Amino acid sequence: MTSKEIRQSFLDFFASKEHKIVPSAPMVIKDDPTLMFTNAGMNQWKNIVLGNDPIKHPRIANSQKCLRVSGKHNDLEEVGHDTYHHTMFEMLGNWSFGDYFKAEAIAWAWEYLTDVLKLDKNRLYVTVFEGAPTENLGRDDEAAEIWAKYINPNRIIDGNKHDNFWEMGDTGPCGPCSEIHIDLRPNSEREKIDGKDLVNKDNPLVIEIWNNVFMQYNRKADGSLEPLPKKVIDTGMGFERLCVAVQGKTSNYDTDVFQPLLKAIGEICNCTYNKEAKTDIAMRVIADHIRTIAFAITDGQLPSNAKAGYVIRRILRRAVRYGYTFLNQRTAFLYKLIPALIDNMGEAYPELKHGQTLIEKVIKEEEDAFLRTLEKGISLLDKVMDETKKQKRTEISGVDAFTLYDTYGFPLDLTELILKENGLTLNINDFNAEMQKQKERARNAAAVETGDWVILREGETVFVGYDCLESETQILRYRKMTTKGKEYYQLVLSKTPFYAEMGGQVGDTGALLCDNKIIEIKDTKRENNLPVHIVGYLPTDVTATFTAKVDTRRRAAIEANHSATHLLHEALRELLGEHVEQKGSYVSPEALRFDFSHFQKVTPEEIRKVEHMVNQKIRENYLLDEHRNIPISDAKAMGAIALFGEKYDDNVRVIRYGTSVELCGGTHVKATGNIGMLRVTAEYSIAAGVRRIEAITGEAVEDLIDDMQDMQIAVREMFNNTPDTIAAIQKSLDENVDMRKKIEAFMTERALQLRDAMLQRAEDINGVKVIRHIGNESPDMFKAIVPYFKGKFADVKFMFVAGTIYENKPNLTVFLSLPMVEAGFHAGNMVREAAKYIQGGGGGQVFMATAGGKNPDGMDEAVAKVIEFVK
C-alpha cells in the first residue's frame, strides 16, 4: 500500500464505524494562548473535552498535521539523528465524546491493524497503566482484560505513569492510556532478544505506533483527581511510523512519505542517501524540516523573532545550517524542494499548491538572510579565535559562544566544529550557565499561577455583544491568577456583551455594576473558548446580579477599525489583483493593521487610490448585512472567501457591506458611514511576499488632519504667510545651497591661511618636525589641511597635533607621517591617553586619530601630553 492508500484506508475504516470524518485543523493555532501549534490530534477538540463546547458529533476521525519541538522524544536538536522522530508529522486519530469507551476502542484498533492492514499479530505488543499507589490509582485491569481477548497476555506489558498516563496539562482531563508497539526487527534478532524487553527502550525497530487514551479523570489545581462526567476516547497513531510497518521498511525515511524529498535533496545538493552517516543526518533533517516550514507558512505563520514565528525560523535555520555544514550549500536551496513536496502531499493538502509562490519566496528570503548571518558569525568567531591564540589559550569563553548564539543566531554546534578545525575547544559549562540564566529569565517573565475554578452556577456564557452593550448577568465561575507577584481574577459570566479577544480584534473593557459599586473589567480574553473577564478584585457578594457594561466609546472605535479592514481588503483585491489574501490583522481602538500577500511595494499612488475607494464606500453608508449561523457552503455562495490556514465551523457568520463579503466573528459598525474616514499611515514588508498596511479611522483621522493643518499654518507663518509656501521653501533651500558654497570657499581660504601660519611655527623636537596648534576652529577645517601635511612630510618624521574648542566642546586631532608609524608611534594610543585631560575618549588609525571631550580647561594639558610622547 502507498502512503496515500494507507491514510485513506484509516478514514474509510472509521467511517464504517459511524465516525464523522473531518479535515485536519491548521497546524498553527491562533486563538489559544496555551498553545502555539497543534501538537496532537485532540487539540481541536479540547473545548469539547473541557465541556466548553457542545458535542456535535459523538464519534470523529481524521488525519491531523501536528508539530512538536519539545517534550518526550521530541527535542528539536535530536530530529534527524534517528529515523523515527519528526517535527511535523501526521496523526491518525479517532475520538469518542461520551459515546463508546475502552472495549470498542481496543477492538477497532486491533481489527484495523490486523484485519485491514494485515500486520503480523506476533510482532505486536500492548501496554497498560500499572497504577500509581501515591495517587491511589490502581492498575488498568479493565483494559488488560479487554486486550486479553485479542492478544496473548504475555504480550500485555505494564507501563509506568510517565508512559501510560496521559494528561492535558498541570490541570484538566487525564487518564490511563494503552500503547500498541510493533517489533520490526529481522527474525534473527527477535530470536536473540524478546521484543517485550525492548518496548519503550528507544530501540529504533521496536516502536510505538498507536496510543489509545482513556480520559476518565479531571485533575484539579491541588493535584487531586475527580471522575469526568463524560468519558472520552482519544487515540493517535503516527502515520509515518505506520507506513514503515505496512511497507516493510525499517526507517520512516525509507517510505514513500520521505523518499521523493530525499531524492530531490540529492539532486539539488549533489549527494546520495545511505552512503555516509553525517550526510544522511543532514538529508533527514532537511527532509523533515521542509515539511514543517511549508505547512506553517500555508497556515499563516511566517518566520519571525517572536513566539510561534521564532520556532519556525529556528527550524528553518537548522535545516540551512545542516545544508551549509554537511552538504556544502553556500546559497539558498531549501525553496527548490517545494515542488517535490507538493507532488507528494499536495493531493491530501491542497493548501500547499495554492500557496506555492508565497512559500518559496518566504523560504528563499529567510535562507539568504541566515546565510548572511552565518558569514557575519564566522567573521566574529575568527576574531574571538585570534584573541584566544594571542593570549596563548586553547579554550574560548562559553560567554562569547553564547553571545554568538543568542545575539547573532550562530549555532553552537557550528561554533564547536569550527573551533575543532582550529585546534580550540569551548568552555561548554559557561555556555550552559548562560543558557540556563536566559531560560530562567524567560520562565520568570511567563510564570503564571492558576487557581481552581470556583463554580457558583452551572451553565454556559451567552454572548449578546452583537446586539447590545449592557446586560444583566451573574458570575458562573471565577478563579484567582498570579503573575509577577500581582493578583487578579478571571470571571465567567452567564450573559455578556463583552467581546473576548479573538481573530485579531482586541477584547472589550468596561465595568460590572452592582449597588452603586463599580468593578473595572480591564480586559476580556478567550481561554479554551471561554470568554473570561479580567478584574483586579472580586465583588463583595459574588452571587449577586450585576450589570455588565461595555466601554461604548472604545467599542465604537474598534468596530470602525474592524469594518474598515474589510473594506480595505476588498479595495486591495480590486486594485492589485485577486492574489491579495489576508495573512493577518490586528484591530484596536487606536488603529488597524492588515497583512496581505503581494510581491512588491504598494506605491504611494496605489495607496491614494485605495484610500479613495474605501472612503467612497464609507460615504455610500452601506448598512450592515449580517448573517449569523449559516452553513459555510451558503456563505461561500454569497462570495465569502474561506482562507487557507483558518479553521471554520460547519456554520459561520457573514458580514456584508455592499460588495464586501467576509467570514467574521468580530463586532462591526451598523453602517459604513460610522467609520468616518480612513487614512493609511504606513505600508511596508514584513516577509517575502507579505506586506503590511497600518491605518486609522474616525476621530484619529480628524486628529491627524488637525496636526497636519497646524503644521501647514506654522510653516506658512515662518514664510510671512506667502500664498505659495512651496515656492518660498524652495527659494530658501536654493539660497541656502548658494550660501553653503560661499562658506565652504571661505573656509578653504581660511584653512590655507591657517596652514601657512602653522608651517611658520613648526618646531624640531628630538628629530621630529612638530606642528602644534590650539584654537577655536571647527575640527572639520583640518580635513583640508592634513592631506597637505601627508604629502609634504611623507619622507620625514612629522607630527601634527591640534586642540580646538569649538562651540565650547574640546576636540583633539593627531596626525603622524609614515616614518613616525614605522618608528613605532601610534596616533590612536596617543589620543586615548591625552583625551583623559579633556574628560573624553577617542581613537582611530595608527597614523591619524581624534577625540572629543567635556572639559575645555584641560586642552593645554592634552596637547602637552601628545608632545610628551615625542620628547
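**A note on cavities, a pocket, a sheet and an aromatic pair**

1. Let me start inside: the second largest cavity holds about 50 Å³ of space. A cavity here is, on a 1 Å grid over the protein atoms alone, a set of points where a 1.4 Å probe fits but cannot get out; the grid points are joined across faces, edges and corners, and a volume is the space filled by probe spheres set on the points. Please keep in mind that this is a predicted model, in which local features need pLDDT of at least 70 and side-chain atom pairs count only at pLDDT 80 or more, while totals for chains, interfaces and linings use all residues. Residues are numbered from 1 along each chain as its sequence is written, and side-chain values use heavy atoms, with hydrogens and water left out.

2. Which residues line the second largest cavity? They are Ser3, Lys4, Arg7, Glu90, Phe239, Val257, Arg291, Asn344 and Met345, where a lining residue has an atom within 4 Å of a point. Helix H1 (3-16) and helix H11 (338-345) are the elements that give two or more residues to this lining; helices (H or I, at least four residues) and strands (E, at least two) are DSSP runs, numbered from the N terminus. H1 supplies the largest share, three residues. By class, the lining of the second largest cavity has three nonpolar, two polar and four charged residues, with Ala, Val, Leu, Ile, Met, Phe, Trp, Tyr, Cys and Pro counted as nonpolar, Asp, Glu, Lys and Arg as charged, and the others, Gly among them, as polar.

3. The count comes to two cavities of 30 Å³ or more, and the largest cavity has about 60 Å³ of space. Ten residues line the largest cavity, and Thr298, Glu351, His354, Gly355 and Lys583 lie nearest its centre. Helix H9 (277-298), helix H12 (351-354) and helix H13 (356-390) each give two or more residues to that lining. Its residues divide into four nonpolar, three polar and three charged.

4. Now to open space: the second largest pocket has about 470 Å³. A pocket is an open set of points with protein on both sides within 12 Å along at least five of seven lines. Its lining counts 30 residues, with Arg553, Arg555, Ala556, Ala557 and Ala560 nearest the centre. Of the elements, H17 gives the most to this lining, with eight residues. In the lining of the second largest pocket, eleven residues are nonpolar, seven polar and twelve charged.

5. Do look at the open sheet of six strands, ordered E29-E30-E31-E32-E34-E33 with mixed pairing; two strands pair if DSSP finds at least two bridges between them. Strand E29 (763-765) and strand E33 (841-844) are the edge strands, each pairing on one side only. Strand E30 (residues 768-775) and strand E31 (residues 798-806) pair in the parallel sense over seven bridges, and the bridge partner of His773 in E31 is Ala802.

6. Finally, the structure holds 30 aromatic pairs, meaning rings of Phe, Tyr and Trp (its six-membered ring) whose centres lie within 6.5 Å, with planes under 30 degrees apart counted as stacked, over 60 as edge-to-face and the rest as tilted. Phe402 and Phe431 form one that is edge-to-face, at 5.6 Å centre to centre and 70° between the planes. This pair links distant parts of the chain, 29 residues apart: Phe402 lies in helix H14 (residues 398-408) and Phe431 in helix H16 (residues 428-446).
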